[in-house]
Amino acid sequence: MKTYRPVVLLCILSILFSCGTDKEEGSIFDSASNNPDGGNSSVDNSAPPTPTTPPTPSTPNVSPTPIASPTSTPEPTTTDVPQPKAVLENVAQNRNTTTISNWLVEAKLIDTPTNYPLGNVSVELKIDGNAFITKNSPPYNWRRSDNNSLGKLREGEHTVELNTLVNGKVTHSATMTLDIKPYTANQHPFLIHRGGEAFYQNMRAKIDKNPWKFMANAAVKRWDNLPPDDIASNFNRFRDFASLYSYNMIAYMMEDKPSNRSKYVNKVGELIEFWDSHALKEIGFTGHAAEVDSATALFNTILALDLMYNDFSRSRRQELERTVEQVVERYRYMRRARNAQKQDIADYQRISTSGIIVLWALYKGDTQLFEKFYYGGKDTFTLSVRDRKNVEVSTIENFTSNIRGYRNHVFGDFIFDDGSWSQSSGYYFARMLGNRMAKSHTIDVLSATGIDNHYRSGIMYKSIEWSATCARTPFSSPTLFGDTLLYTGRTEDQNTFFNKIHQYGSQSLTDMMAWHTSGWPSSFGADNYVRFILDDEYTGNKEIPKSKLYPRSGACLWLKDNSINGLQGVLLSYAEKGGHDHDNTNSISLVGFGEHLLVNSGVEYKNHKRNGEITSGYPGNTPDFKSWAHSSLQNVVLIGDNEVHKKRFGEGLTHGLTGGHIEYGRTSAGDALGNGKHFRSLLLAHPHEDKTGGYFVIVDEISPDKKNDTVNILLQPNSQQKSVVAAKNKEHYVATIDALLQQDKHGDKAPADSSLVANIYYGTSPQTVEIETSFKGGTGKIVKTAALKSAYKADENGWVRSLIAVVPENANKPAPTVTRLDTALGKGIKVNHGAGIIDNILISDGESKFHIQDETLTYKALVASVRKEHNEIISYFVEIGDQLLNESLQNSSYGFTSSKNISVSMNQNTGVIEVIEDNTNLCLYQNAIRAIQLNNVELTATSKGDGYVCSEVHTGKYNIAAVF
């Protein structure tokens with residue numbers, strides 16, 4: 001066996017700092033030009049405006065193209081911003097080669113606004129007081145080997161110091177200790193734990209509680225089960241095969257007398273021989289189950305060899321290792337060489353293949369093989385080209401395959417830099433939280449061996465947060481985007497990630513994960529052994545996730561209510577190509593009252609045949625022969641004769657706000673539609689105390705390339721075909737939620753709520769609304785459902801602007817009264833909650849001044865909303881605008897004006913704001929106001945008077961408050 005020596009790898013990850021916002025093409029306003037003088041930070045005492053008359057805001061230049069974000073850098077006009085601070089998240093020895101000493105330093109920059117105005121920020125790293133490197137600009141991703149003088153660290157403790165510098169001066173320091181220890185790969189067991197009787201005793205102490213009691217009982221009962229004899233013809237049985245290893249490993253640890261463990265050791269030996277006796281090592285690995293599920297079985301095979309390494313005689317162990325080696329070689333060389341006409345696909349080694357070879361390389365101490373399949377590289381070998389029947393048809397000498405590498409697959413291809421998962425919500429479960437061992441639990445091996453602790457990585461935290469916020473509903477089944485089954489029960493019983501977050505992560509993220517995972521026993525799964533060791537008990541809080549915006553994928557909005565019946569809306573638009581996706585850019589998922597309300601197609605992996613012929617491949621098709629990925633099955637927009645989107649990704653999130661009484665996200669489809677532009681906003685209106693319910697608003701802006709093309713907006717209720725009816729034609733439709741219902745909500749097996757409906761209100765009048773046939777797929781069945789298709793024509797400026805509200809109700813929570821506003825006062829909806837509480841939500845009609853009038857209020861915005869209680873304004877919201885103001889001169893004004901476009905959500909005196917352009921002069925109007933506060937910092941006034949105050953604000957998102 002080879003010996004690992006300490007390695008020196010410097011990799012400073014996730015130091016996030018942005019110094020500007022790129023200009024975005026397409027929104028309904030062009031922003032006013034930036035002030036070249038950078039604004040005036042002093043109070044302007046000359047000619048103040050009349051107290052009852054607000055300063056006149058600068059009027060935006062009108063354009064039918066949507067809102068631009070600036071590219072300019074702000075002038076250093078104010079110190080009302082927090083100081084940047086670089087903090088160390090982790091330092092660790094990184095053991096991945098026998099020839100280099102590596103370490104890992106992870107850090108991030110915090111408390112820095114999107115656009116920092118006070119100077120140049122740099123980060124300096126020191127080891128034992130010696131300067132290692134200084135970086136003046138992002139990205140902060142570095143890798144060092146021992147050819148650097150500081151790379152050759154001796155064994156023992158070293159001081160790592162990280163300094164934050166502004167304009168060359170240190171403003172903050174952070175230190176941690178790095179302990180370099182010798183490490184050898186042949187000290188088995190080591191892949192998941194170090195072994196020893198004390199360790200096994202600690203494991204046995206867990207079985208007083210579930211899920212460990214459950215897993216231990218299953219292991220004791222099932223360890224001696226026979227392996228599935230039909231596995232060579234039924235590859236799905238590989239999971240049962242993998243589970244047998246898991247049962248034996250747990251039973252081995254539970255046995256307190258070492259002399260009694262021989263039966264488990266012998267059983268594992270028989271299971272490894274099974275690979276040979278049933279010719280499993282000769283399988284061509286030509287299908288998903290054969291490739292992925294067999295990798296799960298092989299993963300557990302290697303873990304079992306590691307656990308029981310010292311229990312086998314040397315000759316017996318070597319015999320078993322030869323069998324495993326042959327199977328691993330099959331993965332390495334044969335997996336993709338199945339068709340002589342498709343030799344190029346051998347160049348793409350997937351995550352399951354890379355994970356298995358990484359694990360085997362670690363077991364053997366094969367440094368070169370590990371680095372090749374973990375970091376990526378080239379693999380040269382003699383390629384045996386085989387047909388689909390696994391018959392060799394030719395060989396290619398010195399075939400070179402480009403290996404992408406496990407690390408690059410997971411943290412390059414699958415996870416975007418903001419944590420967004422690119423492979424559809426369902427495949428986060430399959431690849432990261434499920435029991436496809438070679439995919440999901442290779443990370444655990446890397447962590448346990450100290451090679452690469454991804455659980456301490458900022459990108460991993462973001463990814464787990466994305467999964468909890470965007471990929472799961474309040475009742476913990478997946479949101480439906482891409483190749484995701486519509487589950488009728490809760491899917492999440494894998495909590496290894498939760499346990500790691502509990503150990504390493506923030507309390508808020510731990511509580512969020514606990515919401516989805518706690519209280520659930522393990523299944524009889526292949527990963528029980530890994531989970532038995534890694535999981536521990538969590539007794540903290542269970543908090544429902546909070547709303548979150550992701551630049552690379554969209555908006556995930558949650559009602560502020562710790563209930564599985566709460567509302568959640570997800571607006572998805574990937575900013576780059578992913579995988580397992582559908583033709584559903586700018587699509588939405590809405591859930592509430594414990595059920596899916598508006599839902600995309602889902603998937604059922606079945607191909608229906610037309611005249612005996614399969615009409616589509618993966619992921620199967622509907623009974624009317626459409627692929628499950630077809631746009632007509634999704635909550636999307638289509639233009640003209642196009643039936644599907646031309647691309648499966650757009651431009652991601654462009655704007656959004658969370659934390660206010662109305663939260664929203666806005667995404668751009670880019671050129672995904674193929675024949676026009678599409679911008680979509682999703683708004684979640686939160687309840688007012690206990691007096692109102694929550695609801696959703698969908699705002700669409702569409703500009704077809706051909707002005708006369710019809711624009712179609714498709715909505716997909718979770719309703720059977722005859723369960724959607726028109727309460728008022730082209731205005732109000734009632735969708736009874738009765739298609740695929742949740743049968744298991746956090747353990748509560750409650751009957752379906754037959755009174756649950758989704759009310760769909762069209763605030764802007766479509767030309768037609770048709771109820772069409774659609775389908776939903778998941779959990780073994782396909783349901784014929786209804787779809788609403790509303791048709792529109794572009795206005796004289798070439799735009800369609802639509803506002804649609806979705807209001808859920810049931811017998812216990814009746815819906816408010818909603819009516820359309822389509823008068824000279826504005827277009828949109830009026831929501832009468834009763835008890836004197838009324839919401840008006842209005843959308844711009846594209847007129848040249850973009851004015852929307854509502855009684856004595858004037859808005860200049862894409863979308864504006866005011867909530868009144870007994871005719872008094874208690875909150876307001878503006879999406880991309882520069883004015884919401886009470887024009888009555890008899891009373892004190894209330895609202896805001898701004899010199900450039902902003903988005904704001906204000907409830908009484910506090911709220912949240914997105915400053916879209918730099919050097920924006922913001923004025924708040926309210927009786928007795930004296931100052932504006934951003935992020936608890938009181939701003940210097942540029943002008944003030946009786947009932948108003950103005951200050952200069954810079955690009956970014958802030959908490960805002962009026963100070964009296």
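Begin by selecting helices α1 and α3, which count as roughly perpendicular to each other, because angles of 65 to 115 degrees fall in that class. In this predicted model, α1 covers residues 197-204 and α3 covers residues 238-254, and the two helices pack at an angle of about 105° with their axes 8 Å apart. To see what makes the contact, show the side chains of F199, Y200, M203 and R204 on α1 together with Y252, M253 and M254 on α3. Coloured by residue class, this contact of α1 with α3 divides into 6 nonpolar residues, no polar ones and 1 charged one.

Stay with α3 and select its whole length: the helix is mostly covered, with 15 of its 17 residues buried. A distance drawn between its end C-alpha atoms comes to 25 Å, which agrees with the 24 Å that 17 residues should span at 1.5 Å a residue.

Next, go to the peptide bond between N210 and P211, which is cis, with omega at about 5°. P211 belongs to the loop between α1 and α2, the latter being residues 212-222.

Now move to the open sheet formed by 5 strands in the order β11-β12-β13-β14-β15, in which the pairing is antiparallel. Its edges are β11 (548-550) and β15 (595-598), and each of these has a single partner strand, so one side of each is left without a neighbour in the sheet. Direction ignored, neighbouring strands of this sheet are turned by 15° against each other on average.

A835, in the loop between β31 (826-834) and β32 (837-843), has a positive phi of about 55° although it is not a glycine, and A835 is exposed, with a relative accessible area of 57%. N935, placed in the loop between β39 (931-934) and β40 (937-938), likewise is not a glycine and has a positive phi of about 50°, while its relative accessibility of 34% makes N935 count as partly exposed.

From there, select β42 (residues 948-953), where 6 of the 6 residues are buried. Both faces of this strand are covered, with Y948, C950 and E952 on one side and V949, S951 and V953 on the other. β42 runs antiparallel to β38 (residues 920-925), to which it is joined by 6 bridges, and L922 stands opposite S951 in β42. Strand β41 (residues 941-945) also pairs with β42 in the antiparallel sense, over 4 bridges, and here G945 stands opposite Y948. Centre the view on the turn of the hairpin that β41 and β42 form, which has 2 residues between the strands, and where G947 has a positive phi of about 95°.

Finally, zoom out to the protein chain, whose secondary structure comes to 16 helices and 43 strands. Of its 964 residues, 61% are buried, and among the contacts with a separation of 6 or more, 70% are accounted for by residues 24 or more positions apart.

Key: Residues are numbered from 1 along each chain as its sequence is written. This is a predicted model: local features need pLDDT of at least 70, side-chain atom pairs count only at pLDDT 80 or more; totals for chains, interfaces and linings use all residues. Side-chain values use heavy atoms; hydrogens and water are left out. Two strands pair if DSSP finds at least two bridges between them. Axes are lines fitted to C-alpha atoms, for helices over the stretch in contact, and angles run from 0 to 180 degrees between N-to-C directions. Angles under 35 degrees count as roughly parallel, over 145 as roughly antiparallel, 65 to 115 as roughly perpendicular and the rest as oblique. Contact means heavy atoms within 4.5 Å. Ala, Val, Leu, Ile, Met, Phe, Trp, Tyr, Cys and Pro count as nonpolar, Asp, Glu, Lys and Arg as charged, and the others, Gly among them, as polar. The expected span of a helix is 1.5 Å times one less than its number of residues. Buried means under 20% relative accessible area, exposed over 50%, partly exposed in between (1.4 Å probe, protein chains only).
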